[in-house]
Amino acid sequence: MATGNWTRVSEFILMSFSSLPTEIQSLLFLAFLVIYLVTLMGNSLIILVTLADPMLHSPMYFFLRHLSFLEIGFNLVIVPKMLGTLLARDTTISFLGCATQMYFFFFFGVAECFLLATMAYDRYVAICSPLHYPVVMNQRTRVKLAAASWFPGFPVATVQATWLFSFPFCGTNKVNHFFCDSPPVLRLVCADTALFEIYAIVGTILVVMIPCLLILCSYTRIAAAILKIPSAKGKRKAFSTCSSHLLVVSLFYVSSSLTYFRPKSNNSPESKKLLSLSYTVVTPMLNPIIYSLRNNEVKNALRRTIHKAIAFRNSIP
């Protein structure tokens, strides 16, 4: 329904990877489907193992469960629709569906930033104040920290999605991306978006920089504490307790920063799609692999869980 030069948009078209040949899209579908299934199984396994094994009921694994749950949600928001566009060529998404996808994308993205900062603080307390660790990171404190990590996603996602989708849209309804991210949807708006763009830039910087500074502060103190340990074995053991988290943080922040903070002249839509894939599809798959392969406690817990499952199965007549 048109009013002047403005059009009431009822649906959007996700361009996704439509510029690629059909054969390449089919290969991408198979690759993303495998990654998606590995992500769901890997993160679900982390949740189940850390819940089932009493040896993994420490605060570190409490926060790891939250990270795995977050990664599952992040994947469910983006990947199923992307697979649909590749397999069935169903590139349309409703106005409400696009707004909902963007809302939960921002919600999970902001929550992950703050949860990674919380996990860094947990490692700081464990290494710098090991004797006080059980008291400082008690059940009540860890629940509060987890809630504080999830909460910022609600106001940020609500303001961002509600404000953006209150604008009028005109001309084309084609979103040049594989999901409803803010920049490509914003290009379809036919109104003055200067104030919104300022808010989006400032908000993104704050959401990224505040947790990043907290992580840097935590690891600066951790590094200082590790250097004071006299034995090389003690240093390796202390570093091993936070190396997995540090690797996950690096993957997430490097890929997301390259996506949103590169100069526009160097930020073509196709390159942004590739970078977006790294933190929306690939990183959620790598997180459980990193934590399981680099953590002996998780590997031992996986073995115990598998042995228990086999024993239970054999006990059934």
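Guide: What follows is a set of questions about labels in this predicted model.

Visitor: What makes C98 and C180 a disulfide?

Guide: The cut-off is a pair of cysteine sulfur atoms within 2.5 Å. The sulfur atoms of C98 and C180 are 2.0 Å apart, so the pair meets the cut-off. A disulfide is a covalent bond between the sulfur atoms of two cysteines. The structure holds 1 disulfide. It links distant parts of the chain: C98 lies in helix α3 (residues 95-128), while C180 lies in the loop between β5 (174-175) and α7 (182-186), 82 residues apart.

Visitor: Why is the disulfide of C98 and C180 called left-handed?

Guide: The torsion about the S-S bond is about -120 degrees, and therefore the disulfide of C98 and C180 is left-handed.

Visitor: Are C98 and C180 buried or exposed?

Guide: Buried means under 20% relative accessible area. C98 has 0% relative accessibility, so C98 counts as buried. C180 also has a relative accessible area of 0%, so C180 is buried.

Visitor: Why is C170 called partly exposed?

Guide: Partly exposed lies between the 20% limit for buried and the 50% limit for exposed. C170 is at 22%, so C170 counts as partly exposed.

Visitor: How do you know that C217 is in no disulfide?

Guide: The nearest cysteine sulfur to that of C217 belongs to C212 and is 9.7 Å away. The limit is 2.5 Å, so C217 is in no disulfide.

Visitor: Why is S16 called buried?

Guide: S16 has a relative accessible area of 3%, and the limit is under 20%, so S16 is buried. S16 sits in the loop between β3 (11-14) and α1 (22-52). Leaving aside residues up to four places away in sequence, S16 touches T85, V175, H177, F178 and K273.

Visitor: What makes I198 exposed, and which patch includes I198?

Guide: I198 has a relative accessible area of 52%, and exposed means over 50%, so I198 is exposed. I198 is in helix α8 (residues 194-227). Together with V202, L206, I210 and L214, I198 forms a nonpolar patch on the surface, with about 440 Å² of accessible area in total.

Visitor: What does the UniProt record list for residues 198-217?

Guide: The unreviewed UniProt entry lists residues 198-217 under "transmembrane region". In the model, residues 198-217 are 100% helix and 0% strand, with end C-alpha atoms 28 Å apart.

Terms used: Residues are numbered from 1 along each chain as its sequence is written. This is a predicted model: local features need pLDDT of at least 70, side-chain atom pairs count only at pLDDT 80 or more; totals for chains, interfaces and linings use all residues. Side-chain values use heavy atoms; hydrogens and water are left out. Helices (H or I, at least four residues) and strands (E, at least two) are DSSP runs, numbered from the N terminus. Buried means under 20% relative accessible area, exposed over 50%, partly exposed in between (1.4 Å probe, protein chains only). Contact means heavy atoms within 4.5 Å. UniProt positions are given in the numbering used here, feature names are shortened, and annotations may be inferred rather than shown by experiment. Patches are made of residues with over 30% relative accessible area and no salt bridge: like charges are joined within 9 Å, nonpolar side chains (Val, Leu, Ile, Met, Phe, Trp, Tyr) within 5 Å. Accessible areas come from the Shrake-Rupley method with a 1.4 Å probe; for residues, only the protein chains shown count as cover. A salt bridge is a side-chain nitrogen of Lys or Arg within 4 Å of a carboxyl oxygen of Asp or Glu.
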